[in-house]
Amino acid sequence: MLASDPVISTGGLISLEQFYGAYKTFRKAPNTEQKDTIKPAPTEPLFIVAGPGTGKTTCLTLRILKLVLVDGVPPKSILATTFTKKAAAELRSRILGWGFRILEALQRDETVPAETKLALSRIDINQVMTGTVDSLCEQLLRDYRDPGTQPPILADDFVAKTLLLREGLLAEERYRDGDLDRFLLAIQGGKWGWNVGKKANLLQQLWDRRHQDQVEWAEFLASGTRSDDTFDEQRALDVLRDAIAAYQTALEDRLMVDFSLLEQEVLVRLQGGKLSEFTNQLQVVLVDEYQDTNLLQESIYFELARACNGAITVVGDDDQSLYRFRGATVELFSEFAARFEERFGHQPETVFLNKNYRSTQAIIQFVNDYATLDRGYQVVRVAEKPLLLPGLAAMGGMPILGMFRENVELLARDLGDFVHQVFRGEGYLLPDGSRIVANGAGGDVGDCALLCSSPAEYNSSHSERLPLLLREALRFKSPSVSVFNPRGQELSEISRVAIFGGLLLECLDPGGAVEAEIRGLSQDIQKVFERWREAAIAFVNSADAPPRLLEFAQGWAKRQPQRSDLRWPSSVPVLELIYGLVHFFPELHDDPEGQIYLEVFTRQVSACEQVGKFSGRVVYKPDNAELSDASVKELLRDFLGPIASGTVKVNEDLMEAFPRDRLSILSIHQSKGLEFPLVIVDVGSDFKTNHQAHKFKRFPKDGGTPHTMEDLLRPHTELSRPGRSGQDRAFDDLYRQFFVAYSRPQEVLLLVGLMATLPEGNISNVATGWDRTDTSAWRGGRPFVEV
């Protein structure tokens with residue numbers, strides 16, 4: 001404990017025993033390790049390493065409530081952050097829900113004096129600050145700004161990508177620059193899907209990591225060394241500098257910040273003492289999912305911790321760090337104790353949570369064995385990390401299951417039978433005579449999820465993958481089973497999106513006359529626009545076209561109202577066109593996948609409104625065709641262009657819930673923080689042979705895009721060059737990925753793949769028990785029962 005600890009109220013209202021007694025009136029008491037995270041004094045720093053299913057949210061909630069009720073810390077002096085909006089909402093819900101129930105139980109407790117009960121009734125638990133780090137930063141800049149100033153406007157992901165595409169790449173036709181193209185292509189590592197959208201996304205990653213890694217930007221921009229007849233690296237960095245600067249200027253001109261600038265601005269203000277009104281009242285900081293923190297966020301958390309003399313609690317699990325591709329630096333978690341001591345002069349208390357209350361004993365044993373099979377992986381895990389243990393009530397459970405078939409078509413057929421029999425039939429019969437059946441009390445196919453390295457329905461050769469084949473297999477069952485996989489295809493390639501986009505184009509710009517006059521519209525976008533128009537025209541002329549759709553579209557194209565006594569308005573929000581067209585496409589408002597596609601269009605319209613001169617409106621001035629055309633050009637470029645290029649797409653923020661009556665197909669990254677009674681993990685449906693092209697997904701020979709990005713930028717940061725090779729970091733990330741996948745199920749884990757990927761085969765695969773020395777731990781002793 002530091003000698004200069006801040007003054008913290010020691011006027012706790014109740015004892016720890018009374019606190020636990022009130023909690024036990026509606027939930028079981030926490031276990032010994034969980035109590036070790038709850039009991040420490042407010043001033044004590046804590047490093048909590050929490051394995052999957054070990055109750056970390058329970059511990060955070062109870063520690064916060066204990067700080068208030070037992071230690072007397074004012075609720076408004078406590079700050080708790082977590083990684084996602086969903087997790088933040090869950091944490092807040094528990095704080096309030098459990099807090100009120102504990103307070104109610106204390107009012108009934110005869111050992112609590114009357115004056116204490118009166119004091120308890122005055123506590124406002126709602127004052128505890130919770131949220132994501134971004135929502136916290138936004139609130140700080142809004143509530144603690146200088147007098148007479150306005151808070152910056154937050155540019156969401158749609159706005160930011162629109163500006164980056166328009167100002168960074170399309171402007172000055174930088175997307176055509178050969179040196180920039182080669183520079184970005186080297187980061188991506190291959191030409192698959194290479195287009196202006198991919199370039200924009202790589203630019204955004206570089207911009208974000210500039211702040212996330214606290215890069216010495218001028219030093220990096222001057223670091224070009226390679227120059228030959230085909231490539232000038234320094235010139236590429238100069239073009240990159242101009243593209244990024246144009247984007248930054250576009251934000252500044254609109255008084256906007258994106259998420260990385262938002263966090264950077266808060267750090268600058270914290271370091272400059274400009275948020276002292278907030279930090280002076282702060283006494284305890286708690287951070288969840290710390291394993292996915294970046295250097296910028298660590299700097300913010302340490303500044304906040306400094307304000308309360310190191311009273312910080314961090315919670316996470318290095319084995320579940322999946323977001324390196326978003327700038328996360330897992331070493332900030334695994335080395336937290338040392339980094340904290342370097343900053344604050346003393347060690348935090350380390351607590352391991354390893355009692356798993358989610359899964360069966362069989363699943364927990366399988367996860368433990370998997371986490372420890374690769375010796376090279378052990379050196380990057382938190383030191384002295386214990387194995388997971390089953391909770392007292394954990395069932396032994398059925399064995400891990402494996403379904404492997406000769407080809408992906410057979411696999412999809414048999415997997416479809418499995419899902420259908422479990423959730424729509426009499427259950428799936430296992431070799432030992434037992435059955436897997438859906439829960440009779442409300443169980444449905446939403447209790448199951450298929451986890452894949454990618455939910456894409458087609459591969460790079462446009463061959464059908466397991467997610468699509470399974471969708472089709474289930475569609476033809478009786479009764480049919482629907483799938484929820486809105487990220488299964490590139491948004492611009494989905495049939496209904498193409499038709500809808502084409503109708504928007506034809507309504508706004510019939511025949512493409514205005515489009516032909518737009519300078520700087522990339523060929524990628526033009527090709528998609530052409531395909532969309534063709535799809536729309538074919539649809540409206542087909543027997544499937546809804547009645548009056550053609551009439552509606554022609555009315556918009558000619559700017560003629562459907563009633564002769566009305567005149568076309570001089571300015572119409574394009575949202576009116578969107579909702580007018582949606583009337584003819586019920587699947588866009590009734591179907592869960594369609595709803596997400598529609599939301600991409602409406603979110604992108606909102607972005608267009610914020611960045612454009614015409615605020616997302618279609619101008620109609622018969623006497624000023626130039627002005628009318630300009631409004632349409634802006635919509636094509638800033639509304640439909642980013643969707644067509646793939647710059648904006650379906651992201652995780654749009655998928656807040658999963659339908660109970662559909663089989664969810666998710667990337668493993670999407671499944672982080674989720675759990676399902678039955679989990680199917682695709683460990684090898686893509687791997688027919690030991691081909692080099694897909695080794696990055698199963699047995700990497702070198703690093704991928706995020707590792708190349710680290711090698712490029714980290715020499716210009718305080719973190720310096722990574723100590724492990726790109727290949728080793730890629731292996732580490734694959735082990736973490738499948739650790740997360742294997743720890744999602746509560747009751748049943750089914751591995752699926754092709755026969756060629758069985759442990760006895762010659763296809764090296766991290767997911768099926770191979771270590772990085774090319775040895776299969778599962779050969780000769782499969783840890784699953786074949787079905």
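Entry 1: I began with an open sheet of seven strands, which runs in the order 15-18-14-19-20-11-21 with parallel pairing. At its edges I find strand 15 (482-484) and strand 21 (785-786), each with a single partner strand, so one side of each has no neighbour in the sheet. I keep in mind that this is a predicted model.

Entry 2: I then looked up strand 14 (residues 448-452) and strand 19 (residues 676-684), which pair in the parallel sense over four bridges; in strand 19, L678 is the bridge partner of C448. Helix 26 (residues 592-611) packs on the sheet, where I see that helix touching strand 15 and strand 18 (662-667), and its direction makes about 35 degrees with that of strand 15.

**Entry 3: two helices.** Next I turned to helix 17 (residues 361-371) and helix 29 (residues 726-742), whose axes are 10 Å apart and which pack at an angle of about 175 degrees. Since angles over 145 degrees count as roughly antiparallel, I therefore note helix 17 and helix 29 as roughly antiparallel to each other. Helix 17 makes the contact with I363, F366, V367, Y370 and A371, and helix 29 with L734, Y735, F738, F739 and Y742. By class, I record ten nonpolar residues in this contact, with no polar and no charged ones.

**Entry 4: confidence.** Where pLDDT is low, the predicted coordinates should not be read in detail.

Technical notes
Residues numbered from 1 in each chain as written. Predicted model: local features only at pLDDT ≥ 70, side-chain atom pairs only at ≥ 80, totals over all residues. Heavy atoms only, no water. Axes fitted to C-alpha atoms, helices over the stretch in contact; angles between N-to-C directions. Parallel < 35°, antiparallel > 145°, perpendicular 65-115°, else oblique. Contact = heavy atoms within 4.5 Å. Nonpolar A, V, L, I, M, F, W, Y, C, P; charged D, E, K, R; others polar. Pairing = 2+ DSSP bridges.
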